[in-house]
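This report describes selected local features of one protein chain. The sequence and the structure are shown first, and the description follows.

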Amino acid sequence: VVAIVLVVTVALASAALAQMRSGKPIEIPGFVGLQESAARALAGRSGIDIGVGARPNAPDPPGTVIGQSPNAGAFTGDHHVTLTVSSGPAKVVVPKIVGMQWSAARGALDAAGLLYNEPPKQTYSDTAPAGAVLTIDPGMSALVAPDSSVTVTISAGRAPVNVPDVSKKSFADAQAALTAAHFQVKRAPADEFSSTVPKGAVTRTDPPSGQAAPYGSTITVYVSKGPDLVTVPDLTNLKFDEASTALDQYGLLLAVNGSYRNGQRVVAQDPAPQSRIPRGATVTVAFARPNFLQQVVNGVFGGG
């Protein structure tokens, strides 16, 4: 019985193979370049049986037919075609650029074929120098498709610092306070006059106090050399225009006690000649004709 069954089975198989080999050959259409779903639809309309032999990485988008056997235009009697389908480009590794300067990190991203934000995001950092890469998203060593975009954030250096108020401090104390705030300190080449700040004390800084300045930058400190004092000239016997011109040369102002008539001359002044007064102060004078000198001195200025 077993022998009979084997004989029958072999006979049927031989008959089926003979029938297949005797099938009418048909021309194979081109499947390369089609998506797999479109290739299967075309095969169904053409009476062809489809199989996928391999799915390698390739530059073509995933699912694209990149090869076929038999080739397009060939004739086959078994009506079967084996396709090779792309799995898409091979993924690339996000390079390890955290800590690198952006100028070098950019080259590593270009070499990996990745896209990135330009200019990169920036944020202040107390630890990383300006220009160093702080983060990358997706993270380092991640596998991503070629031409993927990554987001890079770099250090903007330390945050700016507000300049402390060191006015009216000694230069030494001001220098200590500014150094403690992480600034460099430079004294101005020349001290400046001040009618409000004692000699040797700080008048101002550049940048001024309260303003934000870059961390570690240089602050210029200006120091007072006291008020700008000038010597009052002797205006006695000068006419109005002459007295005014003489005071202008010292940066002083003229005021008249009483009235002035043409031809009159200065008969008294306050402050007295050779006095030391601040530049910009006022000198008050009295005018009279020369023969009235004693009268004016006694009456206007209270002389005895």
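With which residues is serine 224 in contact, leaving aside its neighbours within four places in sequence?

## Surroundings of serine 224

The model discussed here is predicted. Leaving aside neighbours within four places in sequence, serine 224 is in contact with Asp191, Glu192, Ser194, Val197, Pro198, Lys199, Gly200, Ala201 and Thr203. Serine 224 itself belongs to the loop between strand E16 (218-223) and strand E17 (229-231).

One of these contact residues, valine 197, also takes part in a polar approach: its backbone oxygen lies 2.8 Å from a polar atom of the serine 224 side chain. Serine 224 has a relative accessibility of 1% and therefore counts as buried, the cut-off being under 20% relative accessible area.

## Asparagine 117 and valine 152

Asparagine 117 is placed in the loop between strand E7 (115-116) and strand E8 (121-123). Its contacts, with neighbours within four places in sequence left aside, are Trp102, Val150, Thr151 and Val152. Asparagine 117 and valine 150 are 33 residues apart in sequence, yet their C-alpha atoms are 7.2 Å apart in space. The side chain of asparagine 117 also reaches the backbone nitrogen of valine 152, at 2.8 Å.

Valine 152 has contacts of its own beyond its neighbours within four places in sequence: Trp102, Leu109, Tyr116, Asn117, Pro120, Lys121, Val133, Thr135 and Ile136.

## The largest nonpolar core

In soluble globular proteins, nonpolar side chains tend to be buried together. In this model, the largest nonpolar core has 14 residues. The members that touch the most other members are Trp102, Leu109, Leu114, Val133, Ile136 and Val152. Helix H3 (102-111), strand E9 (133-137) and strand E11 (149-155) are the elements that give two or more residues to this core.

Trp102 is in contact with asparagine 117, and valine 152 is in contact with Trp102, Leu109, Val133 and Ile136, among others.

An open sheet of mixed pairing is formed by three strands in the order E2-E5-E3. Strand E2 (49-54) and strand E3 (65-69) are the edge strands, each pairing on one side only. On average, neighbouring strands of this sheet are turned by 35 degrees against each other, direction ignored.

E3 and strand E5 (residues 80-85) run antiparallel and are joined by four bridges. Glycine 67 stands opposite threonine 84 in E5. Helix H2 (residues 36-46) lies across E2, E3 and E5, and runs at about 145 degrees to E2.

## Aromatic pairs

The whole structure contains four aromatic pairs. One of them joins phenylalanine 240 and tyrosine 260 in a tilted arrangement, with 5.5 Å centre to centre and 40 degrees between the planes. Phenylalanine 240 lies in helix H5 (residues 240-248) and tyrosine 260 in the loop between strand E18 (253-256) and strand E19 (265-270), so this pair ties together parts that are 20 residues apart in sequence. Phenylalanine 240 is partly exposed, at 29% relative accessible area, and tyrosine 260 is partly exposed at 31%.

Phenylalanine 240 also forms a tilted pair with phenylalanine 287, at 6.0 Å centre to centre and 35 degrees between the planes. This pair links distant parts of the chain, from phenylalanine 240 in helix H5 to phenylalanine 287 in strand E21 (residues 282-288), 47 residues apart. Phenylalanine 287 counts as buried, at 6% relative accessibility.

Methods. Residues numbered from 1 in each chain as written. Predicted model: local features only at pLDDT ≥ 70, side-chain atom pairs only at ≥ 80, totals over all residues. Heavy atoms only, no water. Pairing = 2+ DSSP bridges. Axes fitted to C-alpha atoms, helices over the stretch in contact; angles between N-to-C directions. Contact = heavy atoms within 4.5 Å. Polar contact = N/O pair within 3.5 Å; in protein donor to acceptor, adjacent residues only side chain to side chain. Buried < 20%, exposed > 50% of the residue type's maximum accessible area, 1.4 Å probe, protein only. Core = buried A, V, L, I, M, F, W, Y, C linked by side-chain atoms within 4.5 Å. Phe/Tyr/Trp six-rings, centres within 6.5 Å; stacked < 30°, edge-to-face > 60°.
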